[in-house]
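Please keep the structure in view while reading.

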Amino acid sequence: MPYKKHFTEAELKELLEWFEAQAEHLPHSLQLDKATYIADLPKTVKLYFDVVRLHGDNPTYSGQIFHLFKIKEKLTADQ
């Protein structure tokens, strides 16, 4: 998914549902890309959930929300 400043409610709902279904199977850490290493992936996802739930309609937080989409993309590509 390309970056955008606003994600639809349906996109955010699907994203949260996917992560909730995968919560028990998330790796502890993740090399998201060459520059981004996430040492505690479950904790990071949990914190980003709060961002989505509280600020999903605020474009100021679209970067953090986009990060969740990138994490999902990476995890599904590695399967």
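Axes are lines fitted to C-alpha atoms, for helices over the stretch in contact, and the angles between their N-to-C directions run from 0 to 180 degrees. Two packed helices are described by the angle between their axes and the distance between the axes. The model discussed here is predicted.

## Helices α1 and α2

Helix α1 spans residues 9–22, and helix α2 spans residues 41–55. The axes of α1 and α2 lie 11 Å apart, and the two helices pack at an angle of about 155°. Angles over 145 degrees count as roughly antiparallel, and α1 and α2 are therefore roughly antiparallel to each other. Their crossing is left-handed.

On the α1 side, the contact is formed by L12, L16, F19 and E20, while α2 contributes V45, F49, V52 and R53. Six of the residues in this contact of α1 with α2 are nonpolar, two are charged and none is polar.

## Helices α2 and α3

Helix α3 covers residues 62–77, and its axis comes within 9 Å of the axis of α2, with a crossing angle of roughly 135°. This angle makes α2 oblique to α3. The crossing of α2 and α3 is left-handed.

Which residues of α2 and α3 meet? From α2 come L41, V45, Y48, F49, V51, V52 and H55, and from α3 come Q64, I65, H67, L68, I71 and L75. The residues of the contact of α2 with α3 comprise 10 nonpolar and three polar ones, with no charged residue.

## Helices α1 and α3

The axes of α1 and α3 come within 11 Å and cross at roughly 50°. These two helices are therefore oblique to each other. The crossing of α1 and α3 is left-handed.

In this contact, α1 supplies E11, L12, E14, L15, W18 and F19, and α3 supplies I65, L68, F69, I71, K72, L75 and T76. The residues of the contact of α1 with α3 divide into nine nonpolar, one polar and three charged.

## The strand pair

Strand β1 (residues 30–33) pairs with strand β2 (residues 36–38) in the antiparallel sense, over three bridges. The two strands are joined by a hairpin, through two residues. Within the pair, L30 stands opposite I38 in β2.

## Salt bridges

How many salt bridges does the structure hold? There are five salt bridges in the structure. One joins the side chains of E17 and K13, at 2.9 Å from N to O. Both E17 and K13 belong to helix α1, where they are four residues apart, about one turn of the helix.

Notes
Residues are numbered from 1 along each chain as its sequence is written. This is a predicted model: local features need pLDDT of at least 70, side-chain atom pairs count only at pLDDT 80 or more; totals for chains, interfaces and linings use all residues. Side-chain values use heavy atoms; hydrogens and water are left out. Angles under 35 degrees count as roughly parallel, over 145 as roughly antiparallel, 65 to 115 as roughly perpendicular and the rest as oblique. A crossing is left-handed if the near helix is turned anticlockwise from the far one by less than a right angle, and right-handed if clockwise. Contact means heavy atoms within 4.5 Å. Ala, Val, Leu, Ile, Met, Phe, Trp, Tyr, Cys and Pro count as nonpolar, Asp, Glu, Lys and Arg as charged, and the others, Gly among them, as polar. Two strands pair if DSSP finds at least two bridges between them. A salt bridge is a side-chain nitrogen of Lys or Arg within 4 Å of a carboxyl oxygen of Asp or Glu.
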